[in-house]
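Here's a friendly tour for anyone meeting this structure for the first time. Have a look at the model, then read on.

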Amino acid sequence: MVFKRLLGSLGVGGPTVDTVLDPGAARPGGMLSGRVHLVGGTADHDVEHVALELVARVETEHEEHGDGEGVVVFDRHVVGGSFRLAAGAETSVPFTVALPWETPVTELYGQPLGIVLGVRTELAVAGARDKGDLDQLTVAPLPAQEAVLEALGQLGFGFRSADLEYGRIGGTGQQLPFYQEIELTPPPAYAHQVNEIELTFLAVPGALEVVLEADKRGGPFSAGHDALSRFTVPHEGPSGPQDWNALVDGWIQELVEHRASYGSHAVYGHEAGYGGHEPGHSGGSGSGIGVGTAVLAGAGVIAGGIVAAEVVDEVGDFFEDDSDDDSGDDPDDGSAEDFGGDGED
């Protein structure tokens, strides 16, 4: 997806910028490449730098305003500068940058999950900075992430929703100021024990931490509560032949059997590199489609295209709303102040 825009803060006759990402989905910890095409305006300009910002639409909770959402910048790379851009001249700045390991996954088997990520281009010219339109960023799962989701689908779990939550999960090595949360509906085998399962992936070089939280059902004489467990596997999975279904089912059994709010941290084939403090996270709601090949191939995944279309429309609206803003004001900088429940301070 390519966006072109006259750089508003540089005035009429200023340079234009057109960022083109290379085809195909990126992966967490992998490389993102493309080119930034620049066309000079009606006069010569001294370009100080060309930078790329990775941005995400993130949900948050405010005590005063309730739930809200905003844009968080979670990584930034200077990819070019400084040089003189002559009037009417065309030039191209190639780039290859590394994505953070915790970059959220936006699709599974080509199906969008409703997570909105973008690449925003910043051009600094003679002391003025303009942050242009967003290019949509598509991120596919790592092999171990895909294997876990596939196993959950084979075990009968269904996809309810996915979002990005502002905040941190205690007791983990989380680096970004937000985390991805995937909500799953339980199969009949677990439906009497849990209302839903919430899944978070936290990847680092060489390992993947899987955080599972169960919203447990209460009995006739007890209130429901949450249980949480953490498990770690290498990106390629445990060494030797591995039955992912059995591994993940064991995780779920351990999770739902917990009596306390805080669970355990099991390590498979990789030495733990994170803290051991009390974990805890919560979030979101939704309805919808399936996870894993077994569910994605079923009638519930697209429902005649309705669910997939709704997700695509939601993502498209985000970029269209941004592209309509030609005010030249600085966009959100990723701080907590960018968020609000009702748009009022």
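Let's start with a pair of helices. The axes of helix 1 and helix 3 (residues 244-257) come within 9 Å and cross at roughly 75°. Axes here are lines fitted to C-alpha atoms, for helices over the stretch in contact, with angles from 0 to 180 degrees between N-to-C directions. Helix 1 and helix 3 are therefore roughly perpendicular to each other (under 35 degrees counts as roughly parallel, over 145 as roughly antiparallel, 65 to 115 as roughly perpendicular and the rest as oblique). On the helix 1 side, the contact is made by A144, A147, V148, A151, L152 and Q154, and on the helix 3 side by W244, N245, V248, W251 and I252. Contact means heavy atoms within 4.5 Å. Sorted by type, the residues of this contact are nine nonpolar, two polar and no charged (Ala, Val, Leu, Ile, Met, Phe, Trp, Tyr, Cys and Pro count as nonpolar, Asp, Glu, Lys and Arg as charged, and the others, Gly among them, as polar).

This is a predicted model, where local features need pLDDT of at least 70 and side-chain atom pairs count only at pLDDT 80 or more, while totals for chains, interfaces and linings use all residues. Residues are numbered from 1 along each chain as its sequence is written, and side-chain values use heavy atoms, leaving out hydrogens and water.

## A closer look at helix 1

How far apart are the end C-alpha atoms of helix 1? They are 16 Å apart, which agrees with the 16 Å that its twelve residues (143-154) should span at 1.5 Å a residue. That expected span is 1.5 Å times one less than the number of residues. Helices (H or I, at least four residues) and strands (E, at least two) are DSSP runs, numbered from the N terminus.

Helix 1 is mostly covered, with nine of its twelve residues buried. Among them are V148, L149 and L152. Buried means under 20% relative accessible area, exposed over 50%, and partly exposed in between (1.4 Å probe, protein chains only). After helix 1 comes G156, whose phi is positive, near 100°.

## The core and the whole chain

The largest nonpolar core has 65 residues, and L212, W244 and W251 have the most contacts inside it. Helix 3 gives the largest share of this core, seven residues. A nonpolar core is a set of buried Ala, Val, Leu, Ile, Met, Phe, Trp, Tyr and Cys residues joined through side-chain atoms within 4.5 Å.

Zooming out, the protein has five helices and 17 strands. Of its 345 residues, 49% count as buried. Of the contacts with a separation of 6 or more, 68% are between residues 24 or more positions apart.

## Strands and loops

M31 lies in strand 3 (residues 31-39) and counts as exposed at 56% relative accessibility. The C-alpha atoms of M31 and T96 are separated by 6.3 Å, though the two are 65 residues apart along the chain. Leaving aside neighbours within four places in sequence, M31 touches A26, T96, V97 and A98.

G13 sits in the loop between strand 1 (4-6) and strand 2 (16-21), and at 16% relative accessibility G13 counts as buried. S82 is in the loop between strand 5 (66-80) and strand 6 (83-85), and the peptide bond from G81 to S82 is cis, with omega near -5°. Y109, in the loop between strand 8 (107-108) and strand 9 (111-112), has a positive phi near 55° without being a glycine.
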